[in-house]
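The reader may wish to keep the sequence and the structure in view throughout.

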Amino acid sequence: MIIKDIQLTNFGKFHHKSMSLKPGLNIIYGENEAGKTTLHTFIRGMLFGIEKQRGKASGKDLYSKYEPWDTPSEYQGMMRIENNGITYRIERNFSRQYKSLKVIDEDSGRELTQKEIDDLFMGLDEKCYYNTISISQLGSVTDKELEVILKNYAANLGATKSMEIDIKEAFADLDMQKKKIMKENKIGEEETVEKTLKNIKEQLELSEREQQSIIASVEQKKEAAVRLSERKEELSALDKNRLDELAKHNSRKDKLYQDVMSYTAEIEKNTATLDKIKEHRAELERQLLEKGVDSSETMEGLYDKVINRSNMPVTFIILALALIGAAVGFAVGNIQFLAFQEYWMKPAMCLGGAMLCLVLAIVRYSFNKKRKKKKLEALKELRLVLDKLEAAKHEELYTKRQLESKKEALNSTQQQIVQEEERTNEAQDYSGDIKEIEEKERELNDVISKARWALDQKKESDIQAEKKVEELQERLDTIKKAKIEIEAIEEAKRNIEEIANEIRNNFGKKLNERASYYMSMISNGKYDNLSIDERLNISVNSKKALILATRLSKGTIEQIYMALRLAAADIIFEKDKKPILLDDAFVMYDNKRMGNTLKFMAESMEQVILFSCHTREKVMADKLGLSHNFIKI
């Protein structure tokens with residue numbers, strides 16, 4: 001696998017940062033805090049992802065450290081790699097809400113399935129990555145600690161191809177686990193547990209038999225209860241007819257009593273109404289007698305008399321005509337003396353008197369008309385009183401008839417009540433038998449309830465006993481598993497001894513050969529052979545002597561460390577191409593060692609990605625004329 005380029009969409013301090021990498025030597029230079037560690041972490045994250053930790057650790061984990069603040073949903077990037085001549089594009093979103101991974105075969109334009117992704121990265125996991133191709137300086141540790149690191153590294157690669165187990169401490173850990181298992185599982189109590197388990201199982205069997213007996217008794221009682229229920233239903237059906245007839249009888253009586261009350265109330269109401277009508281009639285008759293009207297005929301005579309009386313003042317009209325005639329007579333009798341004024345006095349006086357009579361006639365006519373109108377209005381009032389009297393007579397007659405009708409209906413209803421009281425319900429009364437059956441049902445149900453309660457108690461007791469059985473069985477299984485684990489621990493100890501003895505003959509020989517090759521290359525032939533003995537002591541074979549690692553400088557031990565990791569990478573990845581990532585790995589190297597190592601890697605490694613906060617690597621590469629890809633952050 002060769003990394004071709006990376007693109008940090010949003011990761012840590014970088015936003016839309018692109019970087020192209022090439023086969024051979026790549027030097028990525030940046031001062032402290034420039035982002036080298038961010039790039040290194042990004043490559044690791046693109047390969048293996050970055051998960052957010054839980055609890056208190058979540059505030060300081062890698063996920064939180066590099067998560068963008070402004071656009072957390074775009075916490076993502078892309079990396080293109082080449083494997084077996086095919087270019088793949090890895091697209092990954094690290095965000096918890098939008099987490100995703102896509103691997104696309106760019107040559108065919110096809111997205112890989114999960115199985116194809118697993119096959120592509122087969123043999124490469126995060127621990128393998130950190131223990132082989134990702135190399136950083138050992139740091140400020142003592143010579144003795146460096147020796148232990150190298151010894152454990154070589155031994156564990158031989159046994160497991162990982163750094164997960166420290167074989168030197170394995171026996172002590174296994175013995176401690178053995179003691180812990182024996183103490184926690186109380187293996188010596190196995191016989192007591194088995195005996196207790198047997199007793200409880202016998203108690204459960206006895207309880208099961210008792211429960212079956214209780215269940216059989218309950219079933220018998222339930223059958224008897226069913227028979228009683230059926231008999232009660234038969235009697236209830238018969239008694240229902242009697243009760244229905246009784247209900248109808250009582251309903252009829254209630255209806256008749258209600259009718260009696262209704263008729264009585266109506267009679268009282270009609271009687272009161274009749275009394276009021278009589279009082280009103282007497283008052284009307286009194287008013288008519290006061291006006292001299294005793295009948296309708298009298299009223300009609302008075303009315304005709306007023307209507308037929310004339311309003312004209314005949315006397316005044318006759319006088320006016322007579323005076324006019326006299327004036328005409330005086331005037332005609334003395335026509336030859338018309339020229340004399342004294343002869344006109346009598347006719348004038350007659351005409352004056354006629355005019356006065358006419359005026360008096362008009363006044364008298366108006367007075368008569370008003371008086372006639374008043375009399376007519378008075379007669380209308382009397383006629384209204386007379387009409388009310390006639391209406392009162394008719395209402396009195398109608399009320400009397402209604403009262404008689406209600407009295408007849410009351411008498412009839414009272415007779416019907418007497419008939420209903422005399423009628424009896426001859427149907428047989430089964431209520432006593434039903435009560436007796438219900439009492440027996442209550443007794444049976446009480447017996448059944450008590451039996452069920454006893455059954456529930458036994459079941460509850462059995463549940464507790466079964467839980468105890470489960471606990472004891474689990475305890476027994478745990479003891480047996482513990483014994484198996486102890487045997488496995490003993491077997492593991494034997495296997496570890498065999499593995500430690502076979503390191504030289506199997507993996508150790510292969511590791512020695514590859515590590516010796518790399519040690520020779522990066523030390524320019526000064527140390528051409530690494531040796532790991534049965535006790536996992538590491539030595540280097542120089543041209544003059546075999547020297548223990550404890551006697552070497554830190555720089556040389558760093559070279560041994562790198563040689564072992566490169567050798568392990570060769571063995572694990574075999575013929576697959578692999579990038580080597582170096583994170584300030586040459587801090588303890590002098591210029592000569594660094595030059596030898598850079599020259600060898602540039603000329604022999606498929607791809608080397610060197611992260612450094614110094615320019616000495618670039619200066620050395622330029623000095624040696626090494627082809628390299630220099631990237632400044």
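Two strands are said to pair if DSSP finds at least two bridges between them. In this predicted model, isoleucine 6 illustrates the term, its bridge partner in β4 being methionine 79. The two strands concerned, β1 (residues 2-11) and β4, pair in the antiparallel sense over 6 bridges.

The protein chain holds 15 helices and 14 strands. Of its 633 residues, 37% are buried. Its accessible surface amounts to about 38700 Å², and carbon and sulfur atoms account for 52% of that area. Where contacts in the chain link residues at least 6 apart in sequence, 73% of them join residues at least 24 apart.

The pairing of β1 with β4 belongs to an open sheet of 6 strands, ordered β2-β1-β4-β5-β6-β7, in which the pairing is antiparallel. At the edges stand β2 (14-20) and β7 (110-111); each has a single partner strand, so one side of each is left without a neighbour in the sheet. Helix α1 packs on this sheet, where it touches β1, β2, β4 and β5, and its direction makes about 105° with that of β1.

Within the sheet, strand β4 (residues 76-83) is mostly covered, with 6 of its 8 residues buried. On its pairing with β5 (residues 86-93), the model shows 8 bridges in the antiparallel sense. One of these links glutamine 76 to asparagine 93 in β5. β4 and β5 form a hairpin with 2 residues between them, and asparagine 84 in the turn has a positive phi of about 55°.

Further along the sheet, lysine 102 lies in strand β6 (residues 100-105). Leaving aside neighbours within four places in sequence, lysine 102 is in contact with Arg89, Ile90, Glu91 and Glu111.

Helix α1 (residues 36-48) itself deserves attention. Its 13 residues reach 18 Å from the first C-alpha to the last, close to the 18 Å expected at 1.5 Å a residue. The helix is mostly covered, since 11 of its 13 residues are buried. Among the buried residues are Leu39, Phe42, Ile43, Met46 and Leu47, and also Lys36, His40 and Arg44. Just after α1, glycine 49 takes a positive phi of about 80°.

A second sheet may now be considered. Here 5 strands form an open sheet in the order β8-β12-β13-β3-β14, and the pairing is parallel. Its edge strands are β8 (134-136) and β14 (628-632), each of which pairs on one side only. On average, neighbouring strands of this sheet are turned by 15° against each other, direction ignored. Strand β3 (residues 24-29) pairs with strand β13 (residues 607-612) in the parallel sense over 6 bridges. In that pairing, the bridge partner of tyrosine 29 is serine 612 in β13. Helix α13 packs on the sheet and touches β8 and β12 (579-583), its direction making about 175° with that of β8.

In soluble globular proteins, nonpolar side chains tend to be buried together. The largest nonpolar core in this model has 78 residues, and Ile6, Ile43, Met79, Ile81, Phe121, Met562 and Leu582 touch the most other members. Helix α13 (residues 554-573) contributes the largest share of this core, 11 residues. Which residues does leucine 582 touch, not counting residues up to four places away in sequence? Leucine 582 touches Ile135, Met562, Met601, Val608, Ile609, Leu610 and Phe611. Isoleucine 6 and methionine 79, the bridge partners named at the outset, are likewise listed among the core members that touch the most others.

Methods: Residues numbered from 1 in each chain as written. Predicted model: local features only at pLDDT ≥ 70, side-chain atom pairs only at ≥ 80, totals over all residues. Heavy atoms only, no water. Core = buried A, V, L, I, M, F, W, Y, C linked by side-chain atoms within 4.5 Å. Buried < 20%, exposed > 50% of the residue type's maximum accessible area, 1.4 Å probe, protein only. Helix = DSSP H or I, 4+ residues; strand = E, 2+ residues; numbered from the N terminus. Contact = heavy atoms within 4.5 Å. Axes fitted to C-alpha atoms, helices over the stretch in contact; angles between N-to-C directions. Expected span 1.5 Å × (residues − 1). Areas by Shrake-Rupley, 256 points an atom, 1.4 Å probe, with all protein chains shown as cover.
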